[in-house]
Amino acid sequence: MFRITTRADWDGLVSAALLSVVEDCDRIRFIEPGPFQDGKGEVTPDDIVANLPYRQGCALWFDHHSSNKLEAVDFRGAWWIAPSAARVIYEYYGQDEALAGWDELIEITDRIDSAALTMEEIKNPRGLILVSMTVEGKRLQDEPYWLHLIRLLIKNDTAALLADPKVQNRCEEFRYINEEFGQALNIYSDMVGNVLVTDFREVFHGEQGNRFLAFALFPNCNVWVKAFDHPNDPARVQISVGHSIFNRTCNVNVGELMARYGGGGHKGAGTCRPLKTEADRILSEILGVLKE
Ligand SMILES: [Mn+2]
């Protein structure tokens with residue numbers, strides 16, 4: 001019997017559901033990609049790894065992130081650049097009759113995982129898009145909820161999944177959080193030319209809503225800079241920068257920009273964590289680079 005190791009985002013849950021249908025699996029384990037890459041969690045020949053970086057010794061590996069490409073390593077499973085890991089798994093097992101009728105779920109998962117959503121879908125999420133936003137991989141106390149969702153996904157019955165009372169509760173809760181988050185964004189944000197700047201420093205703004213909401217609320221920005229108190233280090237501020245998913249005209253490589261301040265990321269998004277005493281200067285330097 002295999003154990004599935006995945007990341008607890010929507011793509012990871014759908015991947016686990018697919019693998020549960022086509023392979024003999026009796027356990028599911030959730031790990032975030034950073035710690036997993038750093039060696040957290042033992043990997044044995046019983047492990048199927050999905051939507052995470054490769055780790056030596058696993059039975060099968062499925063992923064779609066370009067940054068996880070392997071050079072000259074023999075592995076079983078599949079990796080290619082795709083909108084979701086679920087898509088890679090679905091096509092790998094394409095001949096399996098147990099997956100007949102899964103097209104719709106895979107298509108919506110592609111759109112969710114590659115942020116190919118409309119502004120309306122982000123501002124007023126419904127259906128599976130709304131459910132996907134209730135999955136936040138860092139809240140470990142949510143593990144029973146993730147397993148519950150996987151059990152529902154395995155049935156491949158969207159209407160039943162949407163009607164499930166636990167799912168409906170989570171959706172209600174998310175709607176409320178997202179509403180509050182939108183109000184906080186409006187209060188603490190300013191447009192500086194093409195740049196949206198949100199300053200949440202020394203402000204409690206409730207729980208995080210959808211990570212793309214700012215781009216739907218401020219369609220004129222092409223890049224978003226957000227500053228907030230570092231969650232674990234009182235001496236530091238966290239600055240995160242991301243290209244808009246709607247207005248894709250920002251050409252600044254964010255990962256390189258963040259690296260100047262000891263941070264990192266990729267072309268479209270990144271973070272740095274300067275000391276509080278340095279944060280104002282660094283924020284204005286970042287703005288200087290991002291402003292057109
Ligand atoms: Mn993914």
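Analyst: Happy to! Keep in mind that this is a predicted model.

User: Nice. Which residues of α3 are the buried ones?

Analyst: They are Ala 85, Ala 86, Arg 87, Val 88, Ile 89 and Tyr 90. Because six of the eight residues of α3 are buried, the helix is largely enclosed by the rest of the structure.

User: OK, now α1 and α3. At what angle do they pack?

Analyst: The angle is about 20°, and the axes of α1 (residues 10-22) and α3 (residues 85-92) are 8 Å apart. The two helices are therefore roughly parallel to each other. As for handedness, α1 passes α3 in a left-handed crossing.

User: And which residues in α1 and α3 meet there?

Analyst: From α1 you have Asp 11, Val 14, Ser 15, Leu 18 and Leu 19, and they meet Ala 85, Ala 86, Ile 89 and Tyr 90 in α3. Sorted by class, this contact has seven nonpolar, one polar and one charged residues.

User: What about α1 and α4, roughly parallel or roughly antiparallel?

Analyst: Here the axes cross at roughly 155° and come within 9 Å. That makes α1 roughly antiparallel to α4, since angles over 145 degrees count that way. The crossing of α1 past α4 is left-handed.

User: Who makes the contact between α1 and α4?

Analyst: On the α1 side, Trp 10, Asp 11 and Val 14 do, and on the α4 side, Leu 105, Thr 109, Ile 112 and Asp 113. By class, the contact of α1 with α4 has four nonpolar, one polar and two charged residues.

User: Switching topic: what domains does the chain have?

Analyst: The domain assignment gives domain 1 (2-163) and domain 2 (187-290).

User: How far apart do the centres of domain 1 and domain 2 lie?

Analyst: Their C-alpha centres are 28 Å apart. As for contacts, six residues of domain 1 touch eight residues of domain 2.

User: Which helix gives the largest share of the domain 1 side?

Analyst: That's helix α5 (residues 119-123), which supplies three residues of the side that touches domain 2.

How values were computed
Residues are numbered from 1 along each chain as its sequence is written. This is a predicted model: local features need pLDDT of at least 70, side-chain atom pairs count only at pLDDT 80 or more; totals for chains, interfaces and linings use all residues. Axes are lines fitted to C-alpha atoms, for helices over the stretch in contact, and angles run from 0 to 180 degrees between N-to-C directions. Helices (H or I, at least four residues) and strands (E, at least two) are DSSP runs, numbered from the N terminus. Angles under 35 degrees count as roughly parallel, over 145 as roughly antiparallel, 65 to 115 as roughly perpendicular and the rest as oblique. A crossing is left-handed if the near helix is turned anticlockwise from the far one by less than a right angle, and right-handed if clockwise. Two residues are in contact if their C-beta atoms, placed from the backbone, lie within 7 Å. Ala, Val, Leu, Ile, Met, Phe, Trp, Tyr, Cys and Pro count as nonpolar, Asp, Glu, Lys and Arg as charged, and the others, Gly among them, as polar. A residue is buried if 20 or more other C-beta atoms lie within 10 Å of its own, exposed if 12 or fewer, and partly exposed in between; C-beta atoms are placed from the backbone. Domain bounds come from an automatic or database domain assignment.
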